[in-house]
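Hi,

Here is the structure I said I would pass on.

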Amino acid sequence: MNCREKILSEDYMSILLDYVPEEADQEDESFCYQQVDGTLGIYYLDRSAVLPLSPVNYLYRYLPQLFCLGAFPAAGSRTFRTEPLEGSGILAQQRPPLELTGRRVVMAFIDTGISYENPVFRYSDGSSRILAIWDQTDQSGQSPEGFLYGTEYVREQIDRALELEDPHSLVPEKDEIGHGTAVASVAAGSRLEEGSLFTGAAPDCEIVAVKLRPAKQYLRDYYRIADKEPAYSTDDILLAVKYVQQFVIPLYRPIVICLGLGTSFGSHSGVSLFSEYLQRIARSVSQAVVIGGGNEGNTAGHFRGRLTENQQQVELRVGEGVTGFTAELWGSKPSVFRLAVRSPGGEQLPEVEFGLGSTVEYTFVYEKTRIQITDTANERNTGDQLMLIRFTAPSPGVWTFLIRGARVFPESIFDIWLAPQQFRSGELFFLVPDPDVTLTVPSYTTDAVTVTFYNSENGSFYYRSGRGFGRTGEIKPDLAAPGVEISTVNGPYSGSSMAAALTAGACAQLMQWCVAENNYSRISGRGIQTFLSRGAREQTQEEYPSRRWGYGQLDMRRTFDEIAGNYPE
């Protein structure tokens, strides 16, 4: 079995590493290694020859996570609406005198694919604006250089395909779900009928698209993901980010990476192998990363409590038909907590004493529910205590987590997160949730541009949008952008991915002015983030910066007024 077969096989699991294993250079049938960046890499291991997936066996830092999509089809007219582009000041900067349309800027979309044959991704002469597509799901052709799976299609091939009656006979890539196409059209769609029929935020940029392969079933089972819900693994996303890096030409052709995926799991503090990699990119010249903050604000999937020596009750409603679920419980260091669990019928799993890292399993006698609790006393990324709680066949009703501090310090807190709502197999929510700290990971990446979303029709913050700050006080989000009933080539969509797409287009405008037009050529993602934050419209009724709005609403007119020194009153 070669490396491609191992990467694709359900018999092999992936582990992230921040060091190069000694055996990576040796021939061995039981594993395969793919480098991402420096010492960051992915190890593919024969599941039958190694320990099961677990934060005790491999460290939480090394486990791949599963990411969900950040937007959904919305009700509303399919007629093209310009209000979100106008309200963000994007259309104003497309016009003279600046004429910022993304020329000589590359925008990268790591998502469900792209409908490359659509006119919104073509020039007026019919040729493609897409530089390349890496279809990770297609194993029929040549993989990109330095990568071990999938098929790459470059612009020459795409242009030849567009001349055929059936383009997919030559370039078979399709976006069956439509999310990636919707995001790319909002950020980078061409002007159709002089912009009256459709236009994206950066209609003249060039495009790179990665179609992510679906996560393997063993990972879906591990995280108890709802059947058929699209899910994508960290390892494939990491390699996708690496792939798009080859299209940047520092100080000449910049790149903006748009990420419309996220997960509720993780430390919510910007420290993970994925976030650290994105951080290195965001600090590099001519590169920016834009991340949608997710749609978890009103899903009742987060609980926050104050850790005390007295036992606290955290109630969780589980509906009929929930086949299983996973929760993560994080406590702030140097505090230590203990956990007990009570079933809807009153049967109680006694408080368990954990060592430095251990797992207990318990099957309730009357409920027929099985619980596995893995405790990490000193989680590698943060030094905090982490408990991973996995339920199998939970009985419907109200389950209760009983939490007390075994060692408590002032301001000790604990947080519990459920999986994103799309990943839950039925009704599942905390009875007393906390809507804050609900931005999805990797939104807390420091120098990435993190975006929440609002309704541009009435200016109100949208109830589904994720909210900040970070678990340990990190200031995120950076700003808010329109994200409700946004016109896409697939009809109206709502969600954080739409806000990220508009903001990515705004970043492409800035990159054109700064880099392509040589006005501030050494700018990085951090500088882009600063320009956008300075120009954002503050929400005076909120704290500043705000957990909902960050530094305010995206406004490219004010951003360039700030650059020009025309400070608004």
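Helices (H or I, at least four residues) and strands (E, at least two) are DSSP runs, numbered from the N terminus. Two strands pair if DSSP finds at least two bridges between them. Contact means heavy atoms within 4.5 Å. Axes are lines fitted to C-alpha atoms, for helices over the stretch in contact, and angles run from 0 to 180 degrees between N-to-C directions.

Also, before you go further: this is a predicted model, where local features need pLDDT of at least 70 and side-chain atom pairs count only at pLDDT 80 or more, while totals for chains, interfaces and linings use all residues. Residues are numbered from 1 along each chain as its sequence is written, and side-chain values use heavy atoms, with hydrogens and water left out.

Now the other sheet. Six strands form an open sheet ordered β14-β23-β16-β21-β20-β19, with antiparallel pairing. β14 (302–306) and β19 are the edge strands, each pairing on one side only. Neighbouring strands here are turned by 15° against each other on average, direction ignored. Between β20 and strand β21 (residues 385–392), which run antiparallel, there are seven bridges. Thr376 stands opposite Leu386 in β21.

Everything is done on a 1 Å grid over the protein atoms alone: a cavity is a set of points where a 1.4 Å probe fits but cannot get out, a pocket is an open set with protein on both sides within 12 Å along at least five of seven lines, and lining residues have an atom within 4 Å of a point. Grid points are joined across faces, edges and corners, and a volume is the space filled by probe spheres set on the points.

The largest pocket holds about 260 Å³ of space. It has 15 lining residues, and those nearest its centre are Pro52, Leu53, Ser54, Tyr222 and Arg390. At least two lining residues come from each of α7 (217–223), β19 (357–363) and β20 (370–376), and α7 gives the most, with three. By class, the lining has five nonpolar, five polar and five charged residues; here Ala, Val, Leu, Ile, Met, Phe, Trp, Tyr, Cys and Pro count as nonpolar, Asp, Glu, Lys and Arg as charged, and the others, Gly among them, as polar.

And how many cavities of 30 Å³ or more does the structure hold? There are six. The largest cavity has a volume of about 200 Å³, and of its 21 lining residues, Gln65, Val271, Ser272, Asn381 and Val441 lie nearest its centre. Helix α9 (residues 273–282) supplies the largest share of that lining, three residues. The lining divides into ten nonpolar, ten polar and one charged.

Val441 turns up again in the backbone: a cis peptide bond joins Val441 and Pro442, with omega about 20°. Pro442 sits in the loop between β24 (428–430) and β25 (449–455). The bond from Gly468 to Phe469 is cis too, with omega near -5°, and Phe469 is in the loop between β26 (460–461) and β27 (479–482).

Then there is phi. Arg224, not a glycine, has a positive phi of about 60° and lies in the loop between α7 and β10 (232–233). For His268, phi is near 55°, again positive in a residue other than glycine; His268 is in the loop between β12 (261–262) and α9.

Last, a helix pair. Helix α11 (residues 525–535) and helix α12 (residues 556–564) pack at about 105°, with their axes 7 Å apart. α11 and α12 are therefore roughly perpendicular to each other (65 to 115 degrees counts as that, under 35 as roughly parallel, over 145 as roughly antiparallel and the rest as oblique). Phe531, Leu532, Arg534 and Gly535 in α11 meet Met556, Arg558, Thr559, Glu562 and Ile563 in α12. This contact divides into four nonpolar, two polar and three charged residues.

Cheers
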